[in-house]
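Good morning, everyone. Please have the sequence and the 3D view open while I talk.

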Amino acid sequence: MTGRSEALQGRSKVVPTRPDWAAPGLDRPPRPLPQVTTEALERPGQPATTARLDILNRQYVGPGWAPPWSDLRERAACIRRETLGDLEGYLGQLSERVEANGGVVHRAGGPAEALGVIEEIATANGVELVVKSKSMATEEIHLNHHLEAMGIDVVETDLGEYILQLADERPSHIVAPAVHRSKEDIAALFEQVAGGPVGHRPEDLAAFARQRLRQDFHRADMGISGVNFAAADTGTLALVTNEGNGRMVTSQPRIHVAVMTVEKVVPRFTDLAVLLPLVAWAATRVPLSVYQTLVTGPRRPGERDGPDQLHLVIVDNGRTSLLGGRYQEVLACIRCGACQFSCPVYRTVGGHAYASVYGGPIGAVLTPLIGDPEAGAELPFLSSLCGACADACPVKIPLPDMLVDLRADYEARRPDPARIGWAAWARAWAWGPGFRASSRVTRRLWSLLPPGARAALPGPGRGWGAGRSMPPLEHAGELREWLRTRRPGQRPAQPGPGPAPPAGPEGPTGAEQLPHPGLDGAPPPAGPEEAARRLSQALERVRATGHICSSAEEARQRVADLCAGRPTAIEDHPDLVGMAERLPVVEDAWEAQVGVTGVELAVAETGTLALVAGPGRDRSTSLVPPEHVALVPFSRLVPSVAVAVERLAALEPRPSCISFVTGISRSSDIEHQPVYGVHGPGKVDVVLYPG
Amino acid sequence: MATSGPPTSSPTSPAVHPDQAPPGPPASVALFASCIADLAAPGPARAAVEVLEAMGCRVSFPEAQSCCGQPALNSGFPGEGRLLARHWIETFEPFQAVVSPSGSCVAHVHHQFPRILEGPWAARARDMAGRTYEFSQFVAAYGEGLPLALDATVTVHDSCHMWRALGERRSVRSVLGRIEGLRIVEMEDADTCCGFGGTFSAKFPYVSVAMADAKLARGQGAGAQWMVSADPGCLMHLQARAAWKGSPLQARHLAEVVRDALGPGGGR
């Protein structure tokens, strides 16, 4: 089955055009940050990147937090802090559960240890081809470079990450990795690897990538994924994707290696009902991403697909040393990327200018705290402290306060001559006469200096003078003169009755006290018919189609009609008994044009289908064929994601894999224009009937 | 911050709303001008005094005042920031109410003083925060009766610290809305940072200037004559960039606009 990557064919023909600070595996800025950021402003295409990011900020962050999402945000903030309160305890529980489910857990202190673990798994299993879904943890340990050095082909399968792999660049955003590239850029890149012309529309480019990646999914020995959340009580690993590559990577190869950093654990499976919607909402203002894959162990006896081996690599990389300290809360991060969109500095210079794995506000805080403390030492200064990131954060991390505190840490570590200046300044200004004297001196000096010389003075004025007129310090002291001459001899006022004190911030509420609202804010559907109608409407919003039939027979006929005599893969589901006889069934989903499945549950508010793996119920049926048809009796409808997660948590035995499917496969990695049917089905029909 | 307790966050509600304020302004207030007013931009502070007096307030100016200490804290020198915070509290504690035409300084008093000071000083800081107003908040709450008229087309730059750390999102437009003849044209991204950021403006000057250019372009795009803000820091930066480029857009402080709107016979 194994072989070399098709997707990477022609990669050697690519002539990299990126600046050195956009390279993958960068350990520290090649030059001081002020210089790198200045170069970033001059990077070709940067104004277009800024314009794109401005639009995304308005779209995703601008609307702010309103119910029910503000309530979910409060709950998530509490869940994440609860996790950090006993991180080691939850990690212990998670490891125990994953092992009990048949997985293998590896704890790694730093990148070298993590790479060693993965190298060993690859070597022991004779791995030649690896498919990867997007993972910041593997960026952090520079995994691709290591595996390539071992002679293994490693293919990034997220569309954005694939583009960047070919271009030899780092992601510039956590969830929109190629946001800095125009479609013309991407087309030129693909033409280099293809050695011929390719279409320039986003859908052409996505189709090109899909076609090249497809065989790699099928033939890879190992899939490597990240982990969005890991539920300690069940040992379930949750992965969020939109394209379907995450599902491919965790279902097709015989080995699945999931790499997570320690803080990804959450206490309970049911916490996913809060966190899965919230991370999607924070990142892209949709109630759920297209796919959530909930992996609880490797494939079980009787199952026809899914990995034989599941390895969970838990990487610390300096994080647990933050516990109990003033920066602990940074570990609450759920990697939505909203702080990056929200940050005007990030939007102006782009993510690569931070010269670190993580850019933007979260990167400016996290980078100096993990790994090499000197690598990102200057990053906390690359912020105007505007506070937009704190507003955008779905788990309420006080990023601006942390940036301020990290600046203090930076200065405390080194002998900065400016320290003497600041100390003298503060002493003078903390004394009335001292301040007035400095004001007089400033005015005098400023008046003596010719305007041209003012910007040439050493100190902050030099930076200020680059593109701005100098502040009119000749006005120093004028205000006080005006006040004196106008009202000589005025005495301080006697304390009188003051107005009511301004209202302080509202105290945070405990998660358990908050209601868990439906995601659409509407009351639950009154009956099964209404639930079916709502499901159909929700499906329409995510480009899938609901078909409400009046009887089981009509529904079965509709399924057969939708398959239209084409090769069909069908799962062995109680709702589909007798269905196979009416369809041209093929055994291998890779040969099928249509996949027909039942569902465990369907969620009316979001149009989400919950599919579980089991004997005869393959992961591939709803994933690999280009079309998916689901047959759903009304009895399987639930009103909300919260109810669905609760029901699924109670399933015994716990399925090795649960997939949430909300609509059709989608990518927004090319100029953020949506394209459909990337790796998962581009057409989803849900046939509903009373029963 | 290091506990596993409930999340911390900045306040999201304005300190004072017109509908919550007690009737009538306090008879006397202390003005905290800000170091920028003292050293480089006396105009907005003068205008603030004139408007407060027109509202019937007696305005005191404690001579010992200097700076809230924000530049030191944000540059990585919290010890110096604390020294100035304590000096600020000692200077203004005798007064029942403090008003400042600098949103960022007021946000610093409200948000950072209690955070960086310890023990009795933190309690004193919280007490001061309870009676320290940003100028537009004070005028929005107590200046309802001012006769205001001015023929101008303005756009509003929502300064970051006032908007987010102080949580004040209404008062500037509420005050401008009382000026007869004044037209507010909203610009895109009104609440996006102008790029000043204190020492950020000198440490990353080109990034800072690029952000100012974006801000000025949006203001011009909205068709405004003036970009109005309640923050001397933003205004110094925007004015300096506008002057350098010869931009027709003027950056002006809210206090000056309100003072001009008072007219010759304005006030009580």
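Let me start with contacts inside chain A.

Some ground rules. This is a predicted model, in which local features need pLDDT of at least 70 and side-chain atom pairs count only at pLDDT 80 or more, while totals for chains, interfaces and linings use all residues. Residues are numbered from 1 along each chain as its sequence is written, and chains are lettered from A and ligands numbered from 1 in the order in which they are written.

Now the overall build of chain A. Its secondary structure comes to 25 helices and 21 strands. Helices (H or I, at least four residues) and strands (E, at least two) are DSSP runs, numbered from the N terminus. The radius of gyration of chain A is 28 Å, close to the 26 Å that the globule rule gives for 691 residues, so chain A is as compact as a globular protein of that length. That radius is taken over C-alpha atoms, and the rule is 2.2 Å times the number of residues to the power 0.38. Along its principal axes, the C-alpha trace of chain A spans about 100 × 65 × 45 Å. Of the 691 residues in chain A, 56% are buried. Buried means 20 or more other C-beta atoms within 10 Å of the residue's own, exposed means 12 or fewer, and partly exposed is in between; C-beta atoms are placed from the backbone.

Next, the domains. Chain A is divided into domain 1 (11-321) and domain 2 (528-689). Those bounds come from an automatic or database domain assignment. The C-alpha centres of the two domains of chain A lie 25 Å apart. Their contact takes 48 residues from domain 1 and 37 residues from domain 2. Which helix gives the most to the domain 1 side? α10(A) does, with six residues.

On to a sheet in chain A. Eight strands form an open sheet, in the order β8-β5-β6-β9-β18-β15-β14-β17, with mixed pairing. Two strands pair if DSSP finds at least two bridges between them. β8 (265-266) and β17 (637-638) stand at the edges, each with a single partner strand, so one side of each is left without a neighbour in the sheet. β14 (residues 601-603) and β17(A) pair in the parallel sense over two bridges. Ala602(A) stands opposite Leu637(A) in β17(A).

Now one residue, Leu648(A). It lies in helix α25 (residues 641-649). Is Leu648(A) buried or exposed? It counts as buried, because it has 24 C-beta neighbours inside 10 Å. Leu648(A) and Leu601(A) are 47 residues apart in sequence, yet 8.5 Å apart in space, C-alpha to C-alpha. Leaving out residues up to four places away in sequence, Leu648(A) touches Glu600(A), Leu601(A), Ala610(A) and Ile658(A).

Over to chain B. In helix α6 (residues 120-129), Ala125(B), Met128(B) and Ala129(B) are buried. Seen down the axis of α6(B), its buried residues fall within an arc of 100 degrees, so they line one face of the helix. The arc is that of the directions from the helix axis to the C-beta atoms. On the other side of α6(B), Pro120(B) and Ala123(B) are exposed. The buried residues of α6(B) pack against α4 (78-92), α5 (103-116) and β4 (132-134) of chain B.

Terms used. Two residues are in contact if their C-beta atoms, placed from the backbone, lie within 7 Å.
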